[in-house]
Amino acid sequence: MFDPTAFDNMKVVIEGALYDKDIDGEIVIIDRNDVINMAKMSRQFDISFQLPHHPVMAKIEMESRLANLAAELLSNALQEQHAGCFVRLGFSLEHEEEIDYQTIKAILQDTWGTDRKITFSVNQNPLEMKKTKSTLITVEFDRLITEDQMDDLVEMINFMMISLEQLYLLIFVQME
């Protein structure tokens, strides 16, 4: 039997916490991907969910690169510096009305901190009769996440649920 990597351990814990919330009816899991890239020797995992009856979707993405895996498997000084994975959060929604991106950024900074990189990507098909836009909001943690932060990863799910509720209220409820 093999010893699971930090990536595997963190993935299982996040997955378990999210599926527990799904079973309890707090969220609805809508997508899951677990990818091994043999050419780059990397792993990627993402899981998407939303609050019941809310149109805003959240995604947790984890990535472990060759250097992260090698740091775990090879006993050397690199281990503490590179063992772990990178985490990125995404929030996506479709809307027709204009939305205030500065307010959204401020709300997310209240939850996730001002030191996080928050980016927006807006897509619209100009040939489409309806002027629906797809907005993707990304919150990046520009550092390696390790097994020492396992409890923080689980707590992060609660903060994502709060962010989902805040985005829903701001974008869909206030527009009515």
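In which helix is the place of K11? Please describe its surroundings, and then turn to the aromatic rings.

Analyst: The model is a predicted one. K11 has its place in helix α1, which spans residues 6-23. The relative accessibility of K11 is 9%, and buried means under 20%, so K11 counts as buried. Leaving aside residues up to four places away in sequence, K11 touches R32, D34, R43, F45 and M62. One of these neighbours, D34, also takes part in a polar contact: the side chains of K11 and D34 meet at 2.7 Å.

The aromatic rings come next. A pair of such rings is described by two quantities, the distance of the centres and the angle of the planes. Four aromatic pairs are counted here, with ring centres within 6.5 Å as the rule. In the pair of W112 and F159, the ring centres are 6.2 Å apart and the planes stand at 65 degrees. An angle over 60 degrees counts as edge-to-face, and therefore this pair is edge-to-face. The pair links distant parts of the chain, since W112 belongs to helix α4 (residues 101-112) and F159 to helix α5 (residues 150-173), 47 residues apart.

The two partners can also be described by their accessibility. W112 is buried, at 9% relative accessibility, whereas F159 is partly exposed, with a relative accessible area of 35%. Together with F141, W112 and F159 form one aromatic cluster.

A further ring has a charged residue over its face: R65 lies over F86, at 4.2 Å from the ring centre.

Definitions and conventions:
Residues are numbered from 1 along each chain as its sequence is written. This is a predicted model: local features need pLDDT of at least 70, side-chain atom pairs count only at pLDDT 80 or more; totals for chains, interfaces and linings use all residues. Side-chain values use heavy atoms; hydrogens and water are left out. Rings of Phe, Tyr and Trp (its six-membered ring) pair if their centres lie within 6.5 Å; planes under 30 degrees apart count as stacked, over 60 as edge-to-face and the rest as tilted. Helices (H or I, at least four residues) and strands (E, at least two) are DSSP runs, numbered from the N terminus. Buried means under 20% relative accessible area, exposed over 50%, partly exposed in between (1.4 Å probe, protein chains only). A charge sits over a ring if NZ of Lys or CZ of Arg is within 6 Å of the ring centre and within 35 degrees of the ring normal. A polar contact is a pair of N or O atoms within 3.5 Å; within protein, one must be able to donate a hydrogen and the other to accept it, and residues adjacent in sequence count only if both atoms are side-chain atoms. Contact means heavy atoms within 4.5 Å.
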